[in-house]
Amino acid sequence: MNILLWHVHGSWTTSFVQGKHRYLIPVNDARDAWGRGRAQTFDWPASVEELPLEQIRDADVAIVQRPEELELVPRGLPVIYVEHNTPKGDVPNSRHPMADRDDLVIAHVTDFNELFWDTGGTRTTVIEHGIVQPAARWTGELGHLAVVTNEPVRRGRVTGTDLFPRFAEVAPLDVFGMGVEGLRGPRITPYDDPPQHEMHAQVARRRVYLHLCRWTSLGLSLIEAMQMGMPVIGLATTEATVAVPPDAGVLDTRVSTLVEATHWLLEDDTAARSLGARARQVALARYGLDRFLADWDRLLEEEICASR
C-alpha cells in the first residue's frame, strides 16, 4: 500500500519504513518541519519517496503525528494518529487533541501513554516500539557514561539535563543527539547529531548507558543501547519501568542510588556484562522489528478495509 507520512521522528520512522509498503514523505524547498523529506542521518530504504505534498495523490492511508497535519491530509483517506509523547500539562487529566473523534484511530507507542492520555470516545490501540537492531555491540572499553537525547538544553528537566553534572562527577559523560552542543562543560562532552550508525559504534564503547528522562514516552535510544548489550542505569519513571526489568539494569527514583550503581558498574566488569547481556535478551524479545511491522500491517489493513 501507499502510505503518506511526514518525517517527524527520525528514529521511529526508520523502523516504520522497513516494511513492505511504499512510503510517501512530503518535502519542500526549505526542508523544514513540514517538508523534511528523506532522512539525512538515518538509513532509509528506496521504498521511501520524497515528494511535494501536492504531488502525493495515490496514498491509501495517512499516518498523522501532529494535529496540524490533519488539515493537510487529502479528503477521504483513512487516518491513523500516532501518539509518540506523554501528555503535557494537567496530568493525569490531560485531554488528547484527538479526543472524541470517530474518523480516526490513535495508535499509542506505549501502554503508559494510553493510560495517561484522556482520549474520550476515540478508538485507541497500542503498538509498542520495534527497532532495527544496531550493528554495534557493547564493549565498554571506555570508562565513560553515554546519554543519547535530543534538545536537552531546551527541554531541561524533562530530559534530566540538570542531573548530568552529578553523574559527570563519577565518570566523563558523553552526550549524543540533536541540540547537545550547549552542554559542553567539565567532564561533559557533546556529540551533535552524528549519523546513527556512527553514534551506535561510539555509544557501544562507553561503559554505562544513562536514561535520565523524567517524563518521556520511551526513548528509542534506550532500546538501542539495550539491544547492543549495554548495562543501563535510569530513572524509574514512565514506561522505562516496564522496558528494563531488575536483572537488566538499575532503575530508581533516588538519584543517589543511581550514582552508587554507576560507581558499581564502572568497577565491576562481571556485573556490567551480566546486566548488559540480559538487557540485550529482553530488548530483542520485546522490541524486535518483525513484531513491530506485523502489528502495523494488521492495523493498516484493518483501517483501509473499514474505510471501503
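1. Start with two strands. E1 (residues 2-5) and E2 (residues 22-26) run parallel and pair over three bridges. Leu 4 has Leu 24 in E2 as its bridge partner. Note that this is a predicted model.

2. Now the whole sheet. Seven strands make an open, parallel-paired sheet in the order E3-E2-E1-E4-E5-E6-E7. E3 (48-51) and E7 stand at the edges with a single partner strand each, so one side of each lacks a neighbour in the sheet. On average, neighbouring strands are turned by 25 degrees against each other, direction ignored. Helix H10 packs on this sheet. It touches E1, E4 (61-64), E5 (79-83), E6 (104-108) and E7. The direction of H10 makes about 145 degrees with that of E5.

3. H10 covers residues 289-307, and Ser 307 belongs to it. Ser 307 is partly exposed, at 43% relative accessible area. Between Ser 307 and Val 208 there are 48 Å, C-alpha to C-alpha, and the two are 99 residues apart in sequence.

4. Look next at the loop between helix H2 (111-116) and strand E7 (123-126), where Thr 119 is found. Is Thr 119 buried or exposed? It is buried, because its relative accessible area is 10% and the cut-off for buried is under 20%. Leaving aside neighbours within four places in sequence, its contacts are His 96, Ala 99, Asp 100, Ile 106, His 108 and Thr 124.

5. Helix H6 (residues 220-227) is largely enclosed by the rest of the structure, because eight of its eight residues are buried. Among them are Ser 221, Glu 224 and Gln 227. Just after H6, Gly 229 has a positive phi of about 90 degrees.

6. The structure holds 20 salt bridges. One joins Asp 162 to Arg 214, with the closest N and O atoms 2.8 Å apart. This pair links distant parts of the chain, 52 residues apart. Asp 162 lies in the loop between H3 (152-155) and H4 (164-168), Arg 214 in the loop between E11 (206-211) and H6. Both are partly exposed: Asp 162 at 36%, Arg 214 at 24%.

7. Asp 174 and Arg 206 form another salt bridge, also with 2.8 Å between the closest N and O atoms. Asp 174 is in strand E9 (residues 173-177) and Arg 206 in E11, 32 residues apart. Here Asp 174 is buried at 1%, and Arg 206 is buried at 3%.

8. Asp 269 and Arg 273 meet in a salt bridge of 3.0 Å, N to O. They are four residues apart in helix H9 (residues 269-286), so about one helical turn separates them. Elsewhere, a salt-bridge network links Arg 22, Glu 49 and Asp 58.

Notes: Residues numbered from 1 in each chain as written. Predicted model: local features only at pLDDT ≥ 70, side-chain atom pairs only at ≥ 80, totals over all residues. Heavy atoms only, no water. Buried < 20%, exposed > 50% of the residue type's maximum accessible area, 1.4 Å probe, protein only. Contact = heavy atoms within 4.5 Å. Pairing = 2+ DSSP bridges. Axes fitted to C-alpha atoms, helices over the stretch in contact; angles between N-to-C directions. Salt bridge = Lys/Arg side-chain N within 4 Å of Asp/Glu carboxyl O.
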